[in-house]
Amino acid sequence: MSDTSTIGWIGLGNMGAPLATRLVKSGYDVTVWNRTASKAQPVADAGASVGGTIRELASRDVVFSMVSTSGDLEQVMLDPDTGLLTGEQVPGVVVDCSTVSVETSQKVREAAEARGTRFFAAPVSGNGKVVAAGKLSVVCSGDQDTFTLVEPMIKSLGRSVTYVGEGESARLVKIYHNLLLGIYTQALAEILVLGEKSGVSREATMDFINNSVMGSLFSNYKTPALVNLDFHPTFTPVLLRKDFDLGLTEARKREVPMPITNLTRDIIESTIGHGYAKDDFATMLLIAAANAGVELASENADVSDGLDPE
Ligand code: NAP
């Protein structure tokens, strides 16, 4: 498929909007649709056309989707009245970037293939700012020929694309990656609270970690949240809990004990229970602090997230 391929995009949330914008900026002809129509405006301002229904995207060569949960993916693809794959016309290829279960991915793949549409799984790692900075990573799976067709588009979403094989393997890699995300965040929360109670600022602790072998792109970009308590949502604890539930379901199927993962799942649940459902999942820090009887305040420090735009 050439660079003149037309693209449709379903879902313009924290991730979908910057991702669709990257395709527009890479020169693709993109038509977007979002359930809450107002969220399409920034992507339209960048040069995308806006469709009034999901099915208006069916004439596009390739349609990407980026919605919240397995049930939401099934709805946008398979709803008998409004779904992309249940209308008269269907696109040639669907690429789904959402983090969903293997079972849903398989169900949508089968429905797509029954209509003659190729289905490709391409979940991602990185938040909206990471996307804008060109540092997103994509893990993908599906038919090798389909990968060859869509690779240039997927490459324009970020800095790395890892093809892991046929079928749904990318779903597993992405879900397992997010278990690490939650566990790492909980570990950071615990040591920052321990530091706080020991009289060390969070700024100092994070500066050392970010410059040490334990630092990462992630620890850097979470630093403003952890030091200055900026919990504007990039990824919510509700979506993280979904990923832990998906991961623990896979662990159960395979009889793999995951004690730390199970405990972290409950801590994420506490974060939601304490009323942070709509905030960033870095609010796990506040739960660690509350458990230690510590009240945190912003350090109002001049810390960077390491995500300078390209
Ligand atoms: P988000 O900000 O909550 O956006 C979700 C998007 O899905 C919105 O456009 C929403 O439409 C749409 N949607 C949800 N249910 C729908 C339905 N039933 N029908 C139609 N549209 C529906 O979530 P996000 O952070 O962008 O995450 C999207 C996916 O990417 C999730 O699977 C998440 O796990 C994964 N992910 C997120 C991050 C991150 O850092 N945020 C990173 C990697 C992967 P409305 O605007 O109308 O609500």
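**Entry 1: the model.** I am working from a predicted model.

**Entry 2: the ligand.** I began with the space that the ligand takes up, and found that this space is the largest pocket. I then listed the residues around the ligand, of which there are 26. Those that come nearest are Asn-34, Thr-36, Lys-39, Thr-234 and Lys-242.

I looked up backbone atoms next. A backbone N or O atom of Met-15 is 2.9 Å from an oxygen atom of the ligand. For Ser-68, a backbone N or O atom lies 2.8 Å from a ligand oxygen atom. Thr-234 has a backbone N or O atom 2.7 Å from a nitrogen atom of the ligand. On its own the ligand has 900 Å² of accessible area, and the protein covers 90% of that.

Which helix gives the most to the shell around the ligand? I found that H3 does, with three residues. Helix H3 spans 70-78 and helix H10 spans 237-253, and each supplies at least two residues of the shell.

**Entry 3: Asn-127.** I turned to Asn-127 and placed this residue in the loop between strand S7 (124-125) and helix H5 (128-132). Is Asn-127 buried or exposed? Its relative accessibility is 6%, so I noted Asn-127 as buried, the cut-off being under 20%. The side chain of Asn-127 reaches the backbone nitrogen of Lys-129 at 3.0 Å. Setting aside neighbours within four places in sequence, I found Asn-127 in contact with Met-15, Tyr-221 and Thr-234. I had already met Met-15 and Thr-234 at the ligand.

Entry 4: I found Thr-223 in helix H9, residues 217-228. Thr-223 counts as buried because its relative accessibility is 4%. Which residues does Thr-223 contact, leaving aside its neighbours within four places in sequence? I listed Met-206, Asn-210, Asn-228, Val-303 and Ser-304. I also checked Leu-229, which lies in the loop between H9 and H10. The phi of Leu-229 is near 55°, a positive value in a residue other than glycine.

**Entry 5: Leu-85.** Where is Leu-85 found? I located Leu-85 in the loop between H3 and strand S5 (93-96). At 3% relative accessibility, I recorded Leu-85 as buried. Not counting residues up to four places away in sequence, Leu-85 touches Met-77, Leu-78, Val-90, Val-94, Val-108, Ala-112, Arg-115 and Thr-117. I then compared positions along the chain: Leu-85 and Ile-54 are 31 residues apart, and their C-alpha atoms are separated by 9.7 Å.

Entry 6: I placed Ile-272 in helix H11, which covers residues 259-276. Ile-272 has 15% relative accessibility and therefore counts as buried. Beyond residues up to four places away in sequence, Ile-272 touches Pro-237, Val-238, Arg-241 and Ala-277.

I ended with Glu-255, in the loop between H10 and H11. Is Glu-255 buried or exposed? Its relative accessibility is 66%, over the 50% cut-off, so I noted Glu-255 as exposed. The phi of Glu-255 is near 55°, a positive value in a residue other than glycine.

How values were computed
Residues numbered from 1 in each chain as written. Predicted model: local features only at pLDDT ≥ 70, side-chain atom pairs only at ≥ 80, totals over all residues. Heavy atoms only, no water. Helix = DSSP H or I, 4+ residues; strand = E, 2+ residues; numbered from the N terminus. Buried < 20%, exposed > 50% of the residue type's maximum accessible area, 1.4 Å probe, protein only. Contact = heavy atoms within 4.5 Å. Near = heavy atom within 4 Å. Polar contact = N/O pair within 3.5 Å; in protein donor to acceptor, adjacent residues only side chain to side chain. Areas by Shrake-Rupley, 256 points an atom, 1.4 Å probe, with all protein chains shown as cover. 1 Å grid on protein atoms, 1.4 Å probe; cavity = no way out; pocket = protein on both sides within 12 Å on 5 of 7 lines; lining within 4 Å. Sits in = over half its atoms within 2 Å of the grid points.
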